[in-house]
Amino acid sequence: MNNDSNYLEANIRGNPVYDRLHSMIDSHIIITEEDRLYWYRCELDRVIDGDTVVLHLDLGCNTWIRSQPCRLYNINTPEMRGVERVGGIDARNHMIKLLDSAGGDLMCKTHKDKQGKYGRWLVELYHHGNNLNEQMITDGYALSMDGRYG
């Protein structure tokens, strides 16, 4: 298999999903041939908390998965109940703010259709190349699963 980026681009050019994805993601993000299978345009249904959202995913060919619970991959935010409640509300509100600023131009990368322990899809959310999962860490509202804050 040829991993040359020109070869890859020439072989997927004209694919409507690729064309839409390519225009929404900055050129510094490298999408391998395998990865492109796991990228979807999506629309926000609602925010559950700082690391859980419900999305409508565009699978292409006018086929959608509606109201899919999704866990943001590799981040953890405070819970909405108990002693972490205040931090959980702040994290949820910040995620809402990030998603509102996206104005509907969202892409998500699923992690090989793996599901979390509650049946949620594991996703990274992007708005014009900006990884919103990483943004939550950078802004101090989430902890990376490897233990780092922004």
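A disulfide is a pair of cysteine sulfur atoms within 2.5 Å. Searching the whole structure turns up 0 disulfides.

This is a predicted model, in which local features need pLDDT of at least 70, side-chain atom pairs count only at pLDDT 80 or more, and totals for chains, interfaces and linings use all residues. Residues are numbered from 1 along each chain as its sequence is written, and side-chain values use heavy atoms, leaving out hydrogens and water.

**Figure 1. The chain as a whole.** The chain holds 4 helices and 8 strands. Helices (H or I, at least four residues) and strands (E, at least two) are DSSP runs, numbered from the N terminus. Starting at the N terminus, the order is α-α-β-β-β-β-α-β-β-β-α-β. The chain has 150 residues, and 41% of them count as buried. Buried means under 20% relative accessible area, exposed means over 50%, and partly exposed lies in between (1.4 Å probe, protein chains only). The accessible surface of the chain is about 8600 Å², with 47% belonging to carbon and sulfur atoms. Accessible areas come from the Shrake-Rupley method with a 1.4 Å probe; for residues, only the protein chains shown count as cover. Take the contacts (heavy atoms within 4.5 Å) between residues at least 6 apart in sequence: 51% join residues at least 24 apart.

**Figure 2. C42 in strand β1.** Strand β1 spans residues 39-49 and includes C42. C42 counts as buried because its relative accessibility is 0%. Leaving aside residues up to four places away in sequence, C42 touches L55, H56, L57, G104, L106, M107, C108 and L125. One of these, L106, lies 64 residues from C42 along the chain, yet their C-alpha atoms are separated by 5.5 Å.

**Figure 3. Two other cysteines, C61 and C70.** C61 has 81% relative accessibility, so C61 counts as exposed. C70 has a relative accessible area of 0%, so C70 is buried. The cysteine sulfur closest to that of C70 is in C108; at 6.1 Å, the sulfur is too far for a bond.

**Figure 4. R71 in strand β3.** R71 sits in strand β3, residues 63-72. Its relative accessible area is 12%, so R71 is buried. The side chains of R71 and N76 are joined by a polar contact of 3.4 Å. A polar contact is a pair of N or O atoms within 3.5 Å; within protein, one must be able to donate a hydrogen and the other to accept it, and residues adjacent in sequence count only if both atoms are side-chain atoms. Beyond residues up to four places away in sequence, R71 touches D51, T52, N76, R120, W121, L122, V123 and M145.
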